[in-house]
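Here are a few friendly notes to read beside the model.

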Amino acid sequence: MYKNSNSVISGTDSKKAKSEKKDCVVKAIASSTNVDYDTAHSWVKENFDREDKKGTSNWAISKRFNKEDMEIGGKKFKVRKLKRWEVTNDYKLYGELISRQKTVKSFRKDKSRGTYMVLVSKHAFTIKDGTLIDNHGEEWRPTRKVLGAYQISPVSKEVQLSLDFS
């Protein structure tokens, strides 16, 4: 299943969103955390050293996400970088076992539950419960190789209950 990121993210009609280019990481953060476009844009700019209209490098993402979890729009999220074996498939070729990067299609099949920010060559998007959330036209590119992925999970607030026996 596919959803256009503009239909999922609120605020994509904002002045900032309309003037941006190369904002796939902003949209991936917004759609994976359910925050509006401008909040995600500010967060990416601050945490990934993103310059307006310039995009975000995979290096900046891995540098930040390898250190700590994230807080955005008043919400906290646990971020886990997927291990190499989670983004590769093993094949036998002439009797020898080799690993190759998963395609977007096989990644979606294997990760049908949870929220993931997925990195492919020069692009990022969200897969949420098996649904691809990406820019228009990207849904027709299922053979792109997954270079890396991050699982993004909300941190639930623990609530302590008390009983009143009066």
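How many salt bridges does the structure hold? There are eight, a salt bridge being a side-chain nitrogen of Lys or Arg within 4 Å of a carboxyl oxygen of Asp or Glu. Please keep in mind that this is a predicted model, where local features need pLDDT of at least 70, side-chain atom pairs count only at pLDDT 80 or more, and totals for chains, interfaces and linings use all residues. Residues are numbered from 1 along each chain as its sequence is written, and side-chain values use heavy atoms, leaving out hydrogens and water.

1. Start with K16 and D52, a salt bridge whose closest N and O atoms are 3.4 Å apart. K16 lies in helix α2 (residues 15–19) and D52 in the loop between α4 and α5, so the pair ties together parts 36 residues apart in sequence. K16 is partly exposed at 30% relative accessibility, and D52 is partly exposed at 31% (buried means under 20% relative accessible area, exposed over 50%, partly exposed in between, with a 1.4 Å probe and protein chains only).

2. Next, look at R50 and E20, whose closest N and O atoms are 3.0 Å apart in their salt bridge. R50 lies in the loop between α4 and α5 and E20 in the loop between α2 and α3 (24–33), so this pair joins parts 30 residues apart in sequence. Both R50 and E20 are buried.

3. E86 and K111 also meet in a salt bridge, at 3.4 Å from N to O. E86 counts as buried at 6% relative accessibility, and K111 counts as buried at 14%.

Note on methods. Helices (H or I, at least four residues) and strands (E, at least two) are DSSP runs, numbered from the N terminus.
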